[in-house]
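Student: I have a new structure open and would like to go through it slowly. Could you walk me through it?

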Amino acid sequence: MVARKSPSVPPKQPAPLLVQPARKSSETVSYHAGKAAGFKIASSLCFAVMNGLSRYVTRESSPPLPPHVVVFLQNLIGAVLLAGSMDQSISQLWRLRQQRSLHMFRIVLAVGASIAWYASLSLMPMAQAVALSFTGPVFTVLGSWAFLHE
């Protein structure tokens with residue numbers, strides 16, 4: 001018996017990836033790790049200065065400012081500094097009607113957390129307030145387990 005040759009069908013090519021994986025050399029990875037570490041150190045220094053200044057204006061200054069005023073001024077100055085880059089983001093947010101209430105709820109929680117943070121800085125030693133803030137990841141894990149079933 002002679003085997004028949006089937007017509008030549010080229011092998012199926014895999015579909016092209018939409019996003020090609022980036023090939024990174026060890027130099028690029030170490031550069032990004034160093035850059036990320038620098039950003040983290042800079043942000044930690046900024047937060048330390050911000051906490052010290054907020055403690056001063058809520059406790060030591062004459063007259064001391066209430067924590068909600070400090071939060072208002074912080075958010076107002078942040079909005080003014082970022083106003084040029086926010087116009088497109090805000091318009092995209094308002095187009096997402098089904099998520100608008102979730103974003104508003106998140107903002108209310110963030111403002112409440114900021115007010116509570118600055119109130120704690122004005123009422124207790126800064127070292128103790130910062131030490132208590134390290135319990136945040138524990139509550140995040142417990143909340144994700146209880147509410148998000150993760």
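**A first walk through the model**

Student: What marks histidine 149, and is this residue buried or exposed?

Tutor: Histidine 149 is exposed, with a relative accessible area of 67%. Please keep in mind that this is a predicted model, and that histidine 149 sits in the segment after helix H5, which covers 136–147.

Student: Let me step back. How many helices and strands are there in the protein?

Tutor: The protein has five helices and zero strands, and reading along the sequence gives the pattern α-α-α-α-α.

Student: And how confident is the prediction, in terms of mean pLDDT?

Tutor: The mean pLDDT of the protein is 81, and 73% of its residues reach 70 or more. Confidence is lowest in H2, with a mean of 81, and highest in H5, at 90. Where pLDDT is low, the predicted coordinates should not be read in detail.

Student: Since H5 came up, how many residues does H5 have, and what does it reach from its first C-alpha to its last?

Tutor: H5 has twelve residues and reaches 16 Å between its first and last C-alpha atoms, which is close to the 16 Å expected at 1.5 Å a residue.

Student: Why does H5 lie largely in the open?

Tutor: Of the twelve residues of H5, the number that are buried is one, so the helix lies largely in the open.

Student: What share of the residues in the protein is buried?

Tutor: Buried residues make up 9% of the 150 residues in the protein. The protein exposes about 12,900 Å², and carbon and sulfur atoms supply 70% of that area.

Student: Then which residues form the largest nonpolar core?

Tutor: The largest nonpolar core has five residues, namely Val70, Val71, Tyr118, Leu121 and Ala129. Helix H2 and helix H3, the latter covering 97–123, each supply at least two residues of this core. In soluble globular proteins, nonpolar side chains tend to be buried together.

Student: What is valine 71 in contact with, beyond its neighbours in sequence?

Tutor: Leaving aside neighbours within four places in sequence, valine 71 is in contact with Val111, Ser114, Ile115 and Tyr118. The C-alpha atoms of serine 114 and valine 71 are separated by 6.4 Å, although the two residues are 43 residues apart along the chain.

Student: How much of the contacts in the protein comes from residues 24 or more positions apart?

Tutor: Such pairs account for 58% of the contacts in the protein that have a separation of 6 or more.

Student: Now the serines. Where is serine 54, and what does this residue touch?

Tutor: Serine 54 has its place in helix H1, and, not counting residues up to four places away in sequence, serine 54 touches Val70, Tyr118 and Leu121.

Student: Why does serine 54 count as buried?

Tutor: Serine 54 counts as buried because its relative accessible area is 4%, and buried means under 20%. The side chain of serine 54 reaches the backbone oxygen of asparagine 51 at 2.9 Å.

Student: What about serine 61, is that one buried or exposed?

Tutor: Serine 61 counts as buried, at 15% relative accessibility, and its place is in the loop between H1 and H2. A polar atom of the serine 61 side chain lies 3.0 Å from the backbone oxygen of valine 57, and the side chain of serine 61 also reaches the backbone oxygen of proline 63, at 3.3 Å.

Student: Which peptide bond joins serine 62 and proline 63, cis or trans?

Tutor: A cis peptide bond joins serine 62 and proline 63, with omega at about -10°. Most peptide bonds are trans. Proline 63 lies in the loop between helix H1 (26–60) and helix H2 (67–95).

Definitions and conventions. Residues numbered from 1 in each chain as written. Predicted model: local features only at pLDDT ≥ 70, side-chain atom pairs only at ≥ 80, totals over all residues. Heavy atoms only, no water. Helix = DSSP H or I, 4+ residues; strand = E, 2+ residues; numbered from the N terminus. Buried < 20%, exposed > 50% of the residue type's maximum accessible area, 1.4 Å probe, protein only. pLDDT = per-residue confidence, 0-100. Core = buried A, V, L, I, M, F, W, Y, C linked by side-chain atoms within 4.5 Å. Contact = heavy atoms within 4.5 Å. Areas by Shrake-Rupley, 256 points an atom, 1.4 Å probe, with all protein chains shown as cover. Polar contact = N/O pair within 3.5 Å; in protein donor to acceptor, adjacent residues only side chain to side chain. Expected span 1.5 Å × (residues − 1).
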